[in-house]
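Please open the structure in a viewer with secondary structure displayed.

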Amino acid sequence: MTADDLLIRRAEKADADEVFALAREFGLTFRPERGAFDAALPELLANEDALLLAAVVGGRVQGYLLGFVHLTLFANGPVAWVEEAMVGSGSRRQGIGRALLEEFERWARSREAGYVAMATRRAPEFYHALGYEASATFFRKVLR
């Protein structure tokens, strides 16, 4: 794959099957269910504070990123949060994840976000190489 073969764009409803397959590969704690996915997708696509990106290679979605910008009190304005970033296991180490994050960062800057953050235990070397630093401990309580 060359950089010319990779297209990063906003996801579309027509991407649903491929994004769902990737979300199922992503899910460790939760197992994505198609009904819930199909209910959430149109809302996310319509939400101006959300960005769902698709990484397309050869006409197929090989990765996606879902992130949000939201207001804060402590950071003097909005911040951006990457909720999900996934590249298919057969397409990793080809620059897809980097391209997704860079496009999300551009969008976050255009929304005047003070920073981009995410919670992950995966691929710390990848995030460090892109200028991210470990910042906090992540706590979670499952409600259902």
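Begin with the hairpin of β2 and β3, which has 2 residues between the strands; select Gly58, which takes a positive phi near 60°. Strands here are DSSP runs of E with at least two residues, helices are runs of H or I with at least four, and both are numbered from the N terminus. The model is predicted: local features need pLDDT of at least 70 and side-chain atom pairs count only at pLDDT 80 or more, while totals for chains, interfaces and linings use all residues. Residues are numbered from 1 along each chain as its sequence is written, and side-chain values use heavy atoms, with hydrogens and water left out.

Next, select residues 50–57 (β2) and 60–71 (β3), which pair in the antiparallel sense over 8 bridges; two strands pair if DSSP finds at least two bridges between them. Within this pair, Val56 stands opposite Val61, and Leu52 stands opposite Leu66.

Phe68 stands opposite Trp81 of β4. The hairpin of β3 and β4 has 6 residues between the strands, and there Asn76 takes a positive phi near 60°.

Now display the whole sheet. Its 5 strands form an open sheet with mixed pairing, in the order β1-β2-β3-β4-β5. At the edges are β1 (6–10) and β5 (116–118), each of which pairs on one side only. From one strand to the next, the twist averages 25°. Angles run from 0 to 180 degrees between N-to-C directions, with axes as lines fitted to C-alpha atoms, for helices over the stretch in contact.

Helix α3, residues 96–110, lies across β1, β2, β3, β4 and β5 and runs at about 30° to β3.

Finally, select α1 (residues 16–26) and α2 (residues 34–46), which pack at an angle of about 125° with their axes 11 Å apart. That angle makes α1 oblique to α2, since angles under 35 degrees count as roughly parallel, over 145 as roughly antiparallel, 65 to 115 as roughly perpendicular and the rest as oblique. Which residues meet across this pair? Ala16, Asp17, Val19 and Phe20 in α1 meet Arg34, Phe37 and Leu41 in α2, where contact means heavy atoms within 4.5 Å.
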